[in-house]
Amino acid sequence: MAQDTKQAPKPARKRRASRSVYIFDKTANVVIRTGGIFVVCAVLGLVAFIFSQVLPLFGSPEHGALEVKAGAGSDRVVYAGFDEYRRVAVRITESGQVEIASALSGEVLTRTAIAGLGKNRVTCASVALLPYAWGFFDNVANTPQFAVAVGTSDGRVLAGTLAFITDYMRFELGQEPDTLKALPVPSEAEFKRPDYLPRTAIQELKGKPWVVEHLADFGFYRYMRADMVFDRQVGLPTTGEPISAVQISVEHGEPEAELEQLVGAVTAKGRALVSLETISQNAMSGERNDPESLYAGELSSHVDGPASLVQVNVLRTEALFATRRGVVYVFHRSKEKATRNQFVVAYPGVAVLGFDAQEGQDWRQTATDSRDDGGTPQGKLELTAMSYLLGDSTVLLGDSYGGVQAWFAVRETEEDTNPRLQRIRALPGGSGAVLGFSSSHVSKSFITWDESGRIRGIHNTSERVFFDVKAEGKPVSCTYGSKADGVLCLDDKGGLQQWWVDPGHSEVSFKTLFGKVFYEGYLEPRYEWQSHAGTDDVETKLSMMPLILGSLKGGMYALLFALPLAVLAAIYTSEFMAPRLRSVIKPSMEVMASLPSVVLGFLGALYFAPEAAPNMPSLVVFALLTPTLFMLFGWIFGQLPPYVTKRFGPLTTIAALVAVLVFGAVAASTLGPRLESHIFPALEGANPTQLEATTFQPTTQEAAVALSAGDFRSWTDGGRSLPRPLTTQDGTLLPKGWWLPGGHALFATLLILPFALLGGLLLKLAHAFLFGGRVLGRELIGRAGRPSPLVRLRTVLAGGQGTIRPVFVDVGFSLGFALLAFAVGVLLSTALSGPLESLLFSYDHPTAGHVADFRRWLTGPTGWKFNQTNSLIVGFAMGFAVIPIIYSIAEDALSSVPNQMRAASLACGASRWQTAMRVVVPAAASGIFSAIVIGLGRALGETMIVVMAAGGTPLTELQPLSGFRSLSAAIAIEMPEAPKDSTHYRTLFLGGLLLFLMTFVISTMAEFVRMRLRKKLSRM
């Protein structure tokens, strides 16, 4: 038996790693895992923190009742109010008593009778919403002083001042009076709570009682009291009729100065009265002088029926009277110098309870549907309450069905000088007849109360109800705290009830953040971001839409510039560039990603924008001409035989491309001004007074010379409608809304390319019809029966093979055909652009009849306002930040495609360009798509470039010549100025959350598409 020569395999020798390697490996594993967990936790924690700052925006406001001991009185009270700290209450009784009491204990501090009232009764009273003066009162500085007026049963109106006096005192340990020692010291957190209810004491100081409370600082006390003084009688022609309603407004200024006072009143018989006076103090005694009457009259002749309600504005320029049947009359102070102190009716009365054009139904049905109880009220629908909101722009109206409306004057156009009241909002209704309103001193919110005892707080802009309680009795008078933190209610039995209120972020709703809102002073609902205002009476506008659209606009224009450059550069570097040159270019491009964005923003705002503004047409020509020259160069280079192209090394090719780039820049700088004069003539952006009204030609030789050049910037803004009539130099009056037609040359220029393509197709069809050939995928037989003379000429000129001559002949014939097609396009555009523009883009002009106007269709009736820092500049500057990212990722994706696929394509006879576009790019499509999405995310989150170069104006338009404000820019600019935990502060966090969600959604969708592409292309 033969010996088995097959040897058994040797056992593998076991190698054991050293203990240090094992420990290092385990440690690195733990560190990496721990670091990854910490990163995930950090990201999740950051998202959770942002959510924690945003969620309170949509939280429910809070309120609660305060246990006060103020009981009912025997005398009917016509007015009740309290100070800004809700510690001192003021009541005016029907018998003419002014009671100053502690709002918490109910203890009466002082009780005085209104001087000169006698046995007459007080029938109505009103206190101005805002103080008319801040100054010394009873030797205490910075005391707010409110104008107050009461109407009497004998037809008089008495006016005076209500002052809430606040002083502070500090005592050392053991030195405070005995009455104050029992007051506890609240903690800082307790003192700031909205439901904080302190213990107060009454102390005599300088012969007057004060309400005293201990502040959060030890030994520091706040002294509070109120004083009401009636020192003048208003001159109204009442003829002794009782006053049923009164309102007062005093000019803001120093108390000792001469101030205007406007008073409106309604008598028991429905007479509408107005008094305008000047009031002043005696410089020696400090007493009020007798008022000097500027106007005192009756406006009842303009009011159809008896008036029942009255309001006067704080500027003393407007008085409103309303009837119970729901008609409101607006009276304006005359603007004429001779009669400027008279009040004239602005326009016919407005029926506020009539047809509701916005809801499409009768207001009766609207008011019924808005009731929370769902019941159908009985009785006649009447207007029962009217009041101004803070700022005196919005008028609140309440009716007997519980309906609440908000009206303000709306202009028909920007130049309208007589805006008319229009119903803007139908606010949530109540369950009974509305009895009154009390507006906030610091926001666009108010409280309203009805006969069912229900008291509600509503924010006018957001339409949110943030306070809703049921009073124990029927409310007679309610007051909303000046700090919007409390409500005081006086019931029909004379008792006082008080609630603390934390409205939260009631000015925010889904509609105010993401919907169109009709703001005061605007012509229509719109998206608006205006987080800061000079005063509290301006509506806060926190719509996120301008910021969202601004972010998308910046990303769109950045990708518009960066995407073709980055992707094409990646294709060229990966597929065509020499390896040695690629090893230099690719790292250089990646280093560009480290360029600080603040530098790009600085260059964009201070260099690119000023340089680009006067040269915008040349830049546009350069953006269009240079790619055309590169494609032409590439086509010619591709036609050359291999023995010629092999002589071009990498550096020579790059030098040729640079030469083409330089030639494009020089050609653009030369053609730009000439094309500007042709396409954007200064004539179409001229001052309308320099042109004739029907022919639109210059009226003078000087104007013709000045308008003979081009002006792109004025052209873009020249098609807007005129806001007011203008007189030309020859005396012709241009009507309001007149505009300059334009865009004829631009429309003709845009038609050249499609007409040139059409002309080339027609030439090929004609050639194939006569001499045969392939057109539109079909082979045609020529009718001439002989070869084409062009083909024979081309053959003769080309000569023999082996020279470069056929290439030049082919290129010459192709360029000649292109020039011929271009000439056909120019001829067709010249002949047909006018009729087509008249057919598609014509309007009825106020002076010239039916005119063609392509520019008005393009830019709209308001034109495009050219801003030096515009979206194109931002896209250009931001493109330099995005290009390296897209280029690097796309180039890596292209380079990772296996070379076997390239070799297979080339072996089948495909060119390198065909291989790149039909094999390599589809195989790397998922990576290129990821690069684009990452670049978009980089553009959406860009901050410094947008802050410095975008202009910062929040707009909701995609015009390329205007600026914008993005979410990131708003956060960077406004976050340092936003008070912590304020609505503005949390809204900016909401902007950050939206930015995160936008990038998250885009990245998720991109990843989904990338995986689908990868799966689909994995079979290749």
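Select helix 2, residues 188-192, in this predicted model. E188 and K192 sit four residues apart in that helix, so about one helical turn separates them. Their side chains form a salt bridge, with the closest N and O atoms 3.6 Å apart. E188 is partly exposed, at a relative accessible area of 46%, while K192 counts as exposed at 63%.

Next, select D304 and R325. Their side chains meet in a salt bridge with an N to O distance of 3.0 Å. D304 is in the loop between strand 16 (292-298) and strand 17 (307-312), and R325 is in the loop between strand 18 (318-323) and strand 19 (327-333), so the pair ties together parts that are 21 residues apart in sequence. R325 is partly exposed, with 44% relative accessibility.

Go on to E974 and R965. This salt bridge has its closest N and O atoms 2.5 Å apart, and both residues are buried. Then show R582, K586, E590, E891 and D892 together: a network of salt bridges links them. The count for the model comes to 38 salt bridges.

Now move to the strands. Select I100 in strand 4 (residues 97-102). I100 has a relative accessible area of 3%, which is under 20%, so the residue is buried. Beyond the neighbours within four places in sequence, I100 is in contact with V88, A89, V90, E107, V108, L109, T110 and A226. For A89, which is 11 residues away along the chain, the C-alpha atom is separated from that of I100 by 5.9 Å.

Q405 is the next stop, in strand 26 (residues 404-410). This residue counts as buried, with 1% relative accessibility. The side chain of Q405 makes a polar contact of 2.8 Å with the side chain of W407. With neighbours within four places in sequence left aside, the contacts of Q405 include V352, L353, W363, R423 and R425.

D392, in the loop between strand 24 (383-388) and strand 25 (394-399), has a positive phi of about 60° although it is not a glycine. E463 also has a positive phi, near 65°, and is a residue other than glycine. Find E463 in the loop between strand 30 (454-459) and strand 31 (465-470); at 27% relative accessibility, E463 is partly exposed.

Helix 7 supplies the largest share of the patch, six residues. L606 lies in helix 7 and counts as exposed, at 56% relative accessibility.

Continue to helix 8, residues 616-639. At 1.5 Å a residue, the 24 residues of this helix should span 34 Å, and the end C-alpha atoms are 35 Å apart, which agrees. Colour M616, P617, S618, V621, T626 and L629, which are buried. The buried residues of helix 8 pack against helix 7 (597-612), helix 10 (650-679), helix 12 (712-717) and helix 17 (871-895).

Finish at T830 in helix 15 (residues 805-840). T830 is exposed, with a relative accessible area of 62%.

Note on methods. Residues numbered from 1 in each chain as written. Predicted model: local features only at pLDDT ≥ 70, side-chain atom pairs only at ≥ 80, totals over all residues. Heavy atoms only, no water. Helix = DSSP H or I, 4+ residues; strand = E, 2+ residues; numbered from the N terminus. Expected span 1.5 Å × (residues − 1). Buried < 20%, exposed > 50% of the residue type's maximum accessible area, 1.4 Å probe, protein only. Contact = heavy atoms within 4.5 Å. Polar contact = N/O pair within 3.5 Å; in protein donor to acceptor, adjacent residues only side chain to side chain. Salt bridge = Lys/Arg side-chain N within 4 Å of Asp/Glu carboxyl O.
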